[in-house]
Amino acid sequence: MSKRIISLSLVFLLTIATLLGCATNNNGGTNQAGSNEEQPNEEQSSGVVNLYTSRHYETDQELYKVFEEQTGIKVNVVEGKGDELMERLNIEGEATEADVFITADAGNLHAAKESGLLQAIESDVISNNIPDKLRDDENHWFGITKRARVIVYAKDRVDPAELSTYEALTESDWNKRLVVRSSDNMYNISLLASFIDIMGEEAATEWAQGIVNNMARDPQGGDRDQAKAVVAGEADVAIMNTYYIGGMLNSEDAEEVKVAENVGIFFPNQDTTGTHINVSAAGVTKHAKNKDNAIKFIEFLSSEEAQEKFASANFEYPANPNVEPAELLKSWGDFKEQDIDLSVLGQNQQQAIRIFNQVGWK
């Protein structure tokens, strides 16, 4: 081979190497030339975590900033409704940018898991921070906050001594005195799913039918609307999540504050099976490109620092048992929780929907 040919070959190889180097610098260097195997650049993978979340609270945004400051990992946030984000994950498939998925309700997280949208992870930090019953039994999702579904009553018309259990709300004493959200609401689906686990399908069906019989009106609106209906005299009791009352008491809307001040909170089934709880939870997506960062992010959300923020600002109960609830929640008193694995809320979801349809819960 002539020296000229050798020289040209060297120039060609150097040119190719330079081009590859530029591509790596400009695009993060996710792949090597001629290879289909993903090989993330270390600098890129340590710098970002992409989040799909149905939560829309200022507190959450503040926590993301704290995480960024502590780790140098940028949190990119896409917000939307839980079912819409799950559909987006499903459509995007392997091409998704999402690393972490956060939404409310264990039933939703179970659906995401069953649809193959999440992956199992191992983290001693998360396992130590979050109790077994508040996370998926195969580590696909982990609770980060709790909310209790309670009985809310009109202070001027109902003596709390009249209240006892969810089951008692089906008795004739409460005929046309109860309001609650529709049957397609995930909080109600999970509530009934918990009853299927605790009392069996037949008794759960009887409970749902009894609630329908005692409704003061057809279901309409969200949880806040149920409290407003009670104060307006349309009903005497409602089934609601606690954090809505906390939010209303601290609302900038004077009317919402007034409504919340005129209702009381009762934790049902304290002498029997306990009050129903649910969670907001986080999981690592099946096709996360920044898995290590995703795990670090969920570890942070489960930490005492983040949990205290959730508790103090959002009026949710901390999932980490080492963190105390906010003072407002403490003022409502301690309560006994249902002793069930929250994974059953997803496992019994379709059965609960069938029961709602069967009894005519609109």
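All views show a predicted model.

**View 1. Salt bridge between Lys 362 and Asp 218.** The closest N and O atoms of Lys 362 and Asp 218 are 3.1 Å apart. Lys 362 lies in the segment after helix 16 (349-359) and Asp 218 in the loop between helix 8 (201-214) and helix 9, so the bridge ties together parts 144 residues apart in sequence. Asp 218 counts as partly exposed because its relative accessibility is 44%, whereas Lys 362, at 57%, counts as exposed.

**View 2. Salt bridge between Glu 316 and Arg 55.** Their closest N and O atoms are 2.9 Å apart. Glu 316 sits in the loop between helix 13 (304-314) and strand 10 (317-318), and Arg 55 in the loop between strand 1 (48-53) and helix 3 (58-71), so parts 261 residues apart in sequence are tied together. Both residues are buried. Arg 55 and Glu 316 belong to a network of salt bridges that also links Asp 60 and Arg 147.

**View 3. Salt bridge between Asp 236 and Arg 177.** A distance of 2.7 Å separates the closest N and O atoms. Asp 236 is in the loop between helix 9 (223-231) and strand 7 (237-241), and Arg 177 is in the loop between strand 5 and strand 6, 59 residues apart. Asp 236 and Arg 177 are both buried.

**View 4. Ser 164 in the loop between strand 5 and strand 6.** Ser 164 is partly exposed, at 36% relative accessibility. Beyond residues up to four places away in sequence, Ser 164 touches Phe 266, Pro 268 and Asn 269.

Definitions and conventions: Residues are numbered from 1 along each chain as its sequence is written. This is a predicted model: local features need pLDDT of at least 70, side-chain atom pairs count only at pLDDT 80 or more; totals for chains, interfaces and linings use all residues. Side-chain values use heavy atoms; hydrogens and water are left out. Helices (H or I, at least four residues) and strands (E, at least two) are DSSP runs, numbered from the N terminus. Buried means under 20% relative accessible area, exposed over 50%, partly exposed in between (1.4 Å probe, protein chains only). Contact means heavy atoms within 4.5 Å. A salt bridge is a side-chain nitrogen of Lys or Arg within 4 Å of a carboxyl oxygen of Asp or Glu.
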